[in-house]
Amino acid sequence: MPALKAYTAGLPYSYAAGVYPSLTLMETAPGLAQRLLLSDRAAGEGVDKLRKLCARHGVREEIAPKALSRILGKQNSYAAVVFQKQETAPDAACPHIVLHHPMDEGNLGTIQRAMLGFGLKDLAIIRPAADPFDPKVVRAAMGALFSLRVKQYDDFESYRAAYPAHQLYPFMLDGATELRQAASAKRTPYALVFGNEGAGLPAAFAALGQAVKIRQSADIDSLNLAVSVAIAAYTFTQEA
């Protein structure tokens, strides 16, 4: 088999680094798995379960500590599953989370995990943005990627053209409607739209839908993006 390379966005494959993300991949999307890489120090119940799952699905196992170190750099992992990258378009009948130019890999991973926790499984990412298939993002998401429908778009107009029926709720510091009010009167299907960690959404987004604000104290300038998405996802999915 060809030598594996350190991850770049141009590769057709990526890595689920760590025992838990690897287990999640093998439990939810084993068809994407290509190879199991293990450290010579890999041991324990989780590793045993991972090896059995890979064997059951015909995924080749390799003891490859040097490859793990070379591929994952400073990430301390005893196991990683190589997987085929695959985008899946969001479901037109379901609510969406739309991230406009998210750049922080940790935030992007945490958002995916929060989405899954609140039952939202459709994510649209507007480029330029952090790569959802980057091993750092996959690890931060604890493998949530493999249970979501995730697609990247070159611009917001492309996303909007694909889903014209979704009611847009752009989240902005000067939004006209408070979160709980918007959630209680929400129209379905809907899309919760969030901007970049530093700049937020451009002002023009206020005219594209019902602009929403999350009430916060004056002691901070804004909430972290992942925190904002989690609060919004919880509120919209709890309101009848």
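This is a predicted model: local features need pLDDT of at least 70, side-chain atom pairs count only at pLDDT 80 or more; totals for chains, interfaces and linings use all residues.

Let's begin with the largest pocket. It holds about 500 Å³ of space. Its lining has 23 residues. Nearest the centre are Phe171, Leu173, Ser222, Leu223 and Ser228. Which elements give two or more residues to that lining? They are strand S11, residues 212-213, and helix H8, residues 225-238. By class, the pocket lining has 10 nonpolar, nine polar and four charged residues.

Keep H8 in view. Helix H4, residues 105-117, packs with H8. The two axes come within 9 Å and cross at roughly 15 degrees. Angles under 35 degrees count as roughly parallel, so H4 and H8 are roughly parallel to each other. Their crossing is right-handed. Who meets whom? On the H4 side, look for Asn107, Thr110, Ile111 and Ala114. On the H8 side, look for Leu225, Ala226, Val229 and Ala230. This contact has six nonpolar residues, two polar ones and no charged ones.

Now the second pair. Helix H1 spans residues 19-28, and helix H2 spans residues 45-56. Their axes are 10 Å apart, at an angle of about 30 degrees. That angle makes H1 roughly parallel to H2. Is the crossing left-handed or right-handed? H1 passes H2 in a left-handed crossing. H1 brings Val19, Ser22, Leu23, Met26 and Glu27 to the contact. H2 answers with Gly46, Val47, Lys49, Leu50, Leu53 and Cys54. In the contact of H1 with H2, seven residues are nonpolar, two are polar and two are charged.

Last, the backbone. Most peptide bonds are trans, and most residues other than glycine have a negative phi. Here are some exceptions.

Go to Arg127 and Pro128. A cis peptide bond joins them, with omega about -5 degrees. Pro128 sits in the loop between strand S6, residues 122-126, and helix H5, residues 135-140.

Next, Thr188 and Pro189. They are also joined by a cis peptide bond, and omega is about -5 degrees. Where is Pro189? Find it in the loop between helix H7, residues 179-184, and strand S10, residues 190-194.

One more stop: His101. Its phi is positive, about 60 degrees, although His101 is not a glycine. His101 lies in the loop between strand S5, residues 96-100, and H4.

Definitions and conventions. Residues are numbered from 1 along each chain as its sequence is written. Side-chain values use heavy atoms; hydrogens and water are left out. On a 1 Å grid over the protein atoms alone, a cavity is a set of points where a 1.4 Å probe fits but cannot get out, and a pocket is an open set with protein on both sides within 12 Å along at least five of seven lines; lining residues have an atom within 4 Å of a point. Grid points are joined across faces, edges and corners, and a volume is the space filled by probe spheres set on the points. Helices (H or I, at least four residues) and strands (E, at least two) are DSSP runs, numbered from the N terminus. Ala, Val, Leu, Ile, Met, Phe, Trp, Tyr, Cys and Pro count as nonpolar, Asp, Glu, Lys and Arg as charged, and the others, Gly among them, as polar. Axes are lines fitted to C-alpha atoms, for helices over the stretch in contact, and angles run from 0 to 180 degrees between N-to-C directions. Angles under 35 degrees count as roughly parallel, over 145 as roughly antiparallel, 65 to 115 as roughly perpendicular and the rest as oblique. A crossing is left-handed if the near helix is turned anticlockwise from the far one by less than a right angle, and right-handed if clockwise. Contact means heavy atoms within 4.5 Å.
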